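Here are a few notes to read alongside the model. Have a look at it first, then work through the points.

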Amino acid sequence: YRRARLDLVGWICTYTPEEIIRAAGFIPYRLLPYSTEDNTADTDLLPPALCPYVRQVARSICRRNNENLRGLVIANSCSAALHLYNTFAGKDELFVHLLDLPRLQTAEAVDYFTAELARMAFVLGREGQEVTFDRLRQAVEHCRETEKLCLSCWETNFIFQGEGLIQ
């Protein structure tokens, strides 16, 4: 993706539907913490008592470890994620979308989450390509194929090792 200059949308929580990101023409990019060896305070945007994982992800975003990062989708799954959203929302460099998650398992919660997913599709479509039914279906098929490949590797005891995986 770096050589091809493909636009990435970062995410941190497994509740984030990668299929919608892909259907909008972006590559879903799992944001990982920056190296813990460098703990300089110059990029500490979040309080020290907050989740260290989210604080390190914020550092990673600030340092722009990936120049193709166009935006963020942050699932409102914990208070630290909400702080991360508030830190980057409204900044010009990246678009940021907060995906609110229902806290109950009711019919109303399903309707609420359906509306949240539609809103996410609209926002990402505005920033990238319109999310259509066909594009979403293709993205779902792509993600299913990826899942099958990963399961196949797991079942054959294939070992994923850093750089070798990318090659």
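1. A term to start with: buried means under 20% relative accessible area, exposed means over 50%, and partly exposed is in between (1.4 Å probe, protein chains only). At 28% relative accessibility, Glu 127 therefore counts as partly exposed.

2. Some housekeeping: this is a predicted model, where local features need pLDDT of at least 70 and side-chain atom pairs count only at pLDDT 80 or more, while totals for chains, interfaces and linings use all residues. Residues are numbered from 1 along each chain as its sequence is written, and side-chain values use heavy atoms, with hydrogens and water left out.

3. Five salt bridges turn up in the whole structure (a side-chain nitrogen of Lys or Arg within 4 Å of a carboxyl oxygen of Asp or Glu). One of them pairs Asp 7 with Arg 70 at 3.1 Å, N to O. That pair ties together distant parts of the chain, 63 residues apart: Asp 7 sits in the segment before strand S1 (8-11), Arg 70 in strand S3. Strands here are DSSP runs (E, at least two residues), and helices are too (H or I, at least four), numbered from the N terminus.

4. Arg 70 also bridges to Glu 127, with the closest N and O atoms 3.7 Å apart. Here the partners are 57 residues apart, Glu 127 being in helix H4.

5. What about Glu 141 and Arg 137? Their salt bridge has its closest N and O atoms 3.3 Å apart. Both are in helix H5 (residues 133-155), and because they are four residues apart, about one helical turn separates them.
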